[in-house]
Amino acid sequence: MKKHVLIIGAGGVARVVAHKCAQNNDFLGNIHIASRTLERCQSIVASIRDRRALKTHGLLEAHELNAMDVTATEALIRRTGAGIVVNVGSAFVNMSVLSACVATGAAYIDTAIHEDPLKVCETPPWYANYEWKRRAECATAGITAILGAGFDPGVVNAYARLAQDDYFDRIDSIDIIDVNAGSHGKYFATNFDPEINFREFTGQVWSWQDREWVSNRMFEVEKEWDLPVVGRQKAYLTGHDEVHSLSLILGVPNVRFWMGFGDHYINVFNVLKNLGLLSEQSVTTSEGIEVVPLKVVKAVLPDPSSLAPGYRGKTCIGDLVRGLKNGKERTVFIYNVSDHEDANEEVGSQGISYTAGVPAAAAAILVATGRWDVKGMVNVEELPPRPFLGLLGQLGLPTHISEEGDDRELLFP
């Protein structure tokens, strides 16, 4: 059994991961949190202590770290004795953190595909551009590397695998639908790091249709969905990480990702984009000051981790799966509903961070207990889904299924 966890990152998702790891430190041992800004790590440590979240006695420490520095990351892993590294920092650091894990023998878990800061919306499939090139390296080193273990990607990948294993003989399409029906009360804000959030939408959006990559513009394809609890919601075809792995690993001919956006968000986004304020190319002001417009926008927007106290409403995220079972057409929706206020009350986060952070902690527990310690690189849909989904139910993210008006919670004894 692996012990001791190093969490890289100190944003809203890292806060959730840290709380959930602390609540389960009988499996995970000492908890270490590291980022460039030591004070943010210390704030998370304080919030865990204030809530008395540590289940058993153990170390809970904050560290300053530039995770782009492989040597420094290796040294911190060795110094803390971490057997598992949960990378919930910027997607720009994935390759560096993975390198440190390979060098030290620590298991690696992340929640998003690596991104090159100089490239936006690369040629699909994105995983093949970075992570998958290192599969052989991880296998040779005997390193467990679990990719995309958040909610989407992550839980929705497990939903797809569950559908394939238990509900279908043949899957024809998977539509992943992500709707946040909550409100944070701010004029404009993003739920994740604005720099990463905006990059998803400024270029082409890619979907997998009829076994081919199809490109659209952002907000070009719109559809209204009637969802459990949150009702009728408008969502847009969007490129996303899990489309790139599910299309290959499960061999499904149609995989699409839909994200809900309100008209106000779209209007503000388009204004920022059309003014050039989402550009990552530096400009020089009339005073001779060189700035990057996107970083200026990021600096003036609310910190996503600060949104929790005012957030109200719920999220609904799931997989609408169509195909055949016993020669008959079948459609099921496998999903979770999360409440922003409940998340804030438990761990001091908003619901979006909660849904991303709890699965990463669950993955760490499954690695620590051996269920997912596979000694190689995998995406979540390559792993048995039932232990994961069952543990998520215990940790606060139960799975539901809706089919022909029958809606029930799925239990995984």
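Me: Buried means under 20% relative accessible area, exposed over 50%, and partly exposed in between (1.4 Å probe, protein chains only). Helices (H or I, at least four residues) and strands (E, at least two) are DSSP runs, numbered from the N terminus. Which residues of strand 5 are buried on one side and on the other?

Reply: This is a predicted model, in which local features need pLDDT of at least 70 and side-chain atom pairs count only at pLDDT 80 or more, while totals for chains, interfaces and linings use all residues. Residues are numbered from 1 along each chain as its sequence is written, and side-chain values use heavy atoms, without hydrogens and water. In a regular strand the side chains alternate between the two faces of the sheet. Strand 5 is covered on both faces, with A107 and I109 buried on one side, and on the other Y108 and D110.

Me: Which residue of strand 17 is the bridge partner of L147?

Reply: Strand 6 spans residues 145-147 and pairs with strand 17 in the parallel sense over 3 bridges. Within strand 17, the bridge partner of L147 is N379.

Me: Which residue in strand 5 is the bridge partner of I84?

Reply: Strand 4 and strand 5 run parallel and are joined by 4 bridges. For I84, the bridge partner in strand 5 is A107.

Me: Are helix 1 and helix 14 roughly parallel or oblique to each other?

Reply: Angles under 35 degrees count as roughly parallel, over 145 as roughly antiparallel, 65 to 115 as roughly perpendicular and the rest as oblique. Helix 1 (residues 12-23) packs on helix 14 (residues 351-368) at about 45°, and the axes are 8 Å apart. The two helices are therefore oblique.

Me: Is the crossing of helix 13 and helix 14 left-handed or right-handed?

Reply: Helix 13 (residues 340-347) packs on helix 14 at about 65°, where H340, A343, E346 and V347 meet G351, I352 and Y354. A crossing is left-handed if the near helix is turned anticlockwise from the far one by less than a right angle, and right-handed if clockwise. The crossing of helix 13 and helix 14 is left-handed.

Me: What is the relative accessible area of T315?

Reply: T315 lies in strand 15 (residues 314-325). Not counting residues up to four places away in sequence, T315 touches V179, N180, A181, N336, V337, S338, H340, I352 and T355. T315 is buried, and its relative accessible area is 0%.

Me: Against which elements do the buried residues of helix 15 pack?

Reply: In helix 15 (residues 385-395), 8 of 11 residues are buried, among them P385, F388 and L395. They pack against helix 1, helix 8 (155-167), helix 14 and strand 18 (399-403).

Me: What is the omega of the peptide bond from D152 to P153?

Reply: Most residues other than glycine have a negative phi, and most peptide bonds are trans. P153 is in the loop between strand 6 and helix 8. The bond from D152 to P153 is cis, with omega near 5°.

Me: What is the phi of R52?

Reply: R52 is in the loop between helix 3 (38-50) and strand 3. R52 is exposed, at 75% relative accessible area. Although not a glycine, R52 has a positive phi of about 50°.

Terms used:
Two strands pair if DSSP finds at least two bridges between them. Axes are lines fitted to C-alpha atoms, for helices over the stretch in contact, and angles run from 0 to 180 degrees between N-to-C directions. Contact means heavy atoms within 4.5 Å.
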